[in-house]
Amino acid sequence: MPRSHRGTTTQAGYGTAHRRARRALITALVDGTPCDHCGYPMYRDQALQADHSVPRVLGGQLPDRLLHAHCNMSRGAALGNRMRGARRTIRAVPLPEW
């Protein structure tokens, strides 16, 4: 899916502070550290993404850990699906007749 609908990376919330935090996390990574999501080891030559333990949509600020890119995207997708499901549930409640 193209990113053009979200504007620049800075407009999407991934500006300078996010990039610096990601760089610091990768620098501090010890090869073989287990991924918090899947438990498999992470290495610098893999696709890794900075993750927010408290998701941004729930008030998280800067990323505080690394995950495999696949793990981070599936985690975000699962959260989005749960949030969409909650909205559908709320909308499904019939309005009272006055």
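## The nonpolar core

A nonpolar core is a set of buried Ala, Val, Leu, Ile, Met, Phe, Trp, Tyr and Cys residues joined through side-chain atoms within 4.5 Å. Buried means under 20% relative accessible area, exposed means over 50%, and partly exposed lies in between, with a 1.4 Å probe and protein chains only. The largest nonpolar core here has 7 residues in all: Leu-29, Cys-35, Met-42, Leu-48, Leu-66, Leu-67 and Cys-71. Contact means heavy atoms within 4.5 Å. Apart from its neighbours within four places in sequence, Cys-71 is in contact with Cys-35, His-37 and Cys-38.

## The model and its numbering

This is a predicted model, in which local features need pLDDT of at least 70 and side-chain atom pairs count only at pLDDT 80 or more, while totals for chains, interfaces and linings use all residues. Residues are numbered from 1 along each chain as its sequence is written, and side-chain values use heavy atoms, with hydrogens and water left out.

## The chain as a whole

The protein chain has 2 helices and 4 strands. These are DSSP runs numbered from the N terminus (helices: H or I, at least four residues; strands: E, at least two). Read from the N terminus, the order of elements is α-β-β-β-β-α.

Of the 98 residues in the protein chain, 23% are buried. Among contacts with a separation of 6 or more, 38% are between residues 24 or more positions apart. The accessible surface is about 7,400 Å², and carbon and sulfur atoms hold 58% of that surface. Accessible areas come from the Shrake-Rupley method with a 1.4 Å probe; for residues, only the protein chains shown count as cover.

## Salt bridges

A salt bridge is a side-chain nitrogen of Lys or Arg within 4 Å of a carboxyl oxygen of Asp or Glu. The whole structure has 2 salt bridges. One of them joins Arg-65 to Asp-36, with the closest N and O atoms 3.5 Å apart. This pair links distant parts of the chain, 29 residues apart: Arg-65 is in strand β4, and Asp-36 is in the loop between β1 (33-34) and β2 (41-42). Asp-36 is exposed, at 54% relative accessible area.

Arg-65 also meets Asp-51 in a salt bridge, at 2.6 Å from N to O. Arg-65 lies in strand β4 and Asp-51 in strand β3, so this pair ties together parts that are 14 residues apart in sequence. Asp-51 is buried, with a relative accessible area of 3%. Through shared partners, the salt bridges join Asp-36, Asp-51 and Arg-65 into one network. Not counting residues up to four places away in sequence, Asp-51 touches Pro-63, Asp-64, Arg-65, Leu-67, Asn-72 and Arg-75.

## Exposed residues

Val-54, Val-57, Leu-58 and Met-83 make a nonpolar surface patch of about 360 Å². Patches are made of residues with over 30% relative accessible area and no salt bridge; like charges are joined within 9 Å, and nonpolar side chains (Val, Leu, Ile, Met, Phe, Trp, Tyr) within 5 Å. Val-57 sits in the loop between β3 (48-51) and β4 (65-68). Val-57 is exposed, at 59% relative accessible area.

Thr-10 belongs to the segment before α1 (16-28). Thr-10 is exposed as well, with a relative accessible area of 51%. Leaving out residues up to four places away in sequence, Thr-10 touches Gly-15 and Arg-19.
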